[in-house]
Amino acid sequence: MIADPLSVDRVLNAVRGPSVGGVGIFVGIVRDIDDGGRGVVSLEYSAHPSAAAELARVAEEVAARHDVLAVATEHRVGQLALGELAVVVAAGAVHRGPALKACRDLIDTLKRQVPIWKSQEFTDGQTEWVGLP
């Protein structure tokens, strides 16, 4: 869990290697509208103290399920403005197919299993928590 801005390059470099021929990368960005169509001003991410360990566990499990050489991820916590990076995940493999599949699995599994929650602030001044247990 990182309070400072995320780095796509840092995550990319974490999955590079001499045998890596394909990298799948997903970058989640704070946008101005939520899934229900409400205008968003900002997000605030909070994480359980176990979140970093859970993130590492999820990354290991996803890597074991796919023919990849490396996976890496970073997730922000704290207040984020529109356009800021919220999450970056990557998977490196010999070929693009396994890298892309592992990347998709990593972001989907992270969102389901890692205890990270967000509060959305809407343009009408209301707030809403998403992802609470």
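User: Of the 133 residues of the protein chain, what percentage count as buried?

Analyst: First, a word on what we're looking at: this is a predicted model, where local features need pLDDT of at least 70, side-chain atom pairs count only at pLDDT 80 or more, and totals for chains, interfaces and linings use all residues. Residues are numbered from 1 along each chain as its sequence is written, and side-chain values use heavy atoms, with hydrogens and water left out. Now, buried means under 20% relative accessible area, exposed means over 50%, and partly exposed is in between (1.4 Å probe, protein chains only). By that rule, 41% of the 133 residues are buried.

User: How many helices and strands does the protein chain have?

Analyst: Helices (H or I, at least four residues) and strands (E, at least two) are DSSP runs, numbered from the N terminus. Here you get three helices and seven strands. Read from the N terminus, the order is α-β-β-α-β-β-β-α-β-β.

User: What does the radius of gyration say about the protein chain?

Analyst: The radius of gyration is taken over C-alpha atoms, and the globule rule is 2.2 Å times the number of residues to the power 0.38. For 133 residues, a compact globule would come out near 14 Å, and the 15 Å of this chain agrees with that. Along the principal axes, the C-alpha atoms fill a box of roughly 50 × 25 × 25 Å. As for contacts (heavy atoms within 4.5 Å), take those between residues at least 6 apart in sequence: 74% of them join residues at least 24 apart.

User: Which residues have the most contacts inside the largest nonpolar core?

Analyst: A nonpolar core is a set of buried Ala, Val, Leu, Ile, Met, Phe, Trp, Tyr and Cys residues joined through side-chain atoms within 4.5 Å. The largest one here has 26 residues, and Val-89, Leu-106 and Val-114 have the most contacts inside it. At least two residues each come from β2 (40–47), α2 (51–65), β5 (85–93), α3 (96–113) and β6 (116–122). The biggest giver is α3, with six residues. Apart from this core lies another, of seven residues, including Leu-6, Val-15, Ala-70 and Val-88.

User: What is Leu-106 in contact with?

Analyst: Skip the neighbours within four places in sequence, and Leu-106 is in contact with Val-58, Ala-59, Val-62, Val-71, Ala-72, Thr-73, Val-89 and Ala-90.

User: Let's follow Ala-90, then. Is Ala-90 buried or exposed?

Analyst: Ala-90 sits in strand β5, and it counts as buried because its relative accessibility is 0%. With neighbours within four places again left out, its contacts are Val-11, Val-15, Val-23, Gly-24, Ile-25, Ala-70, Val-71, Ala-72 and Leu-106. Val-15 is 75 residues away from Ala-90 in sequence, yet their C-alpha atoms are 7.0 Å apart.

User: Val-15 brings us to α1. Which residues are buried in helix α1?

Analyst: The general idea is that an α-helix has 3.6 residues a turn, so residues three or four places apart point the same way. In α1 (residues 8–15), the buried ones are Val-11, Leu-12 and Val-15. They lie on the same side of α1 because they cover an arc of only 100° around the axis, the arc being that of the directions from the helix axis to the C-beta atoms. Their cover includes β1 (22–29), β3 (70–75) and β5. At the start of α1, a side-chain oxygen of Ser-7 comes within 3.4 Å of the backbone nitrogen of Asp-9.

User: Where does Val-68 lie?

Analyst: Val-68 is in the loop between α2 and β3. Val-68 still counts as buried, because its relative accessible area is 13%. Its contacts beyond four places in sequence are Ala-63, Ala-91, Gly-92, Ala-93, Pro-98, Ala-99 and Ala-102.

User: And Ser-119: buried or exposed?

Analyst: Ser-119, in strand β6, is buried, at 12% relative accessibility. Leaving out residues up to four places away, Ser-119 touches Ser-42, Leu-43, Glu-44, Thr-127, Glu-128 and Trp-129.

User: What about Arg-104, buried or exposed?

Analyst: Arg-104 lies in helix α3 and counts as exposed, because its relative accessibility is 59%. Between Arg-104 and Ile-25 there are 79 residues of sequence separation and 8.6 Å, C-alpha to C-alpha.

Conventions
Polar contact = N/O pair within 3.5 Å; in protein donor to acceptor, adjacent residues only side chain to side chain.
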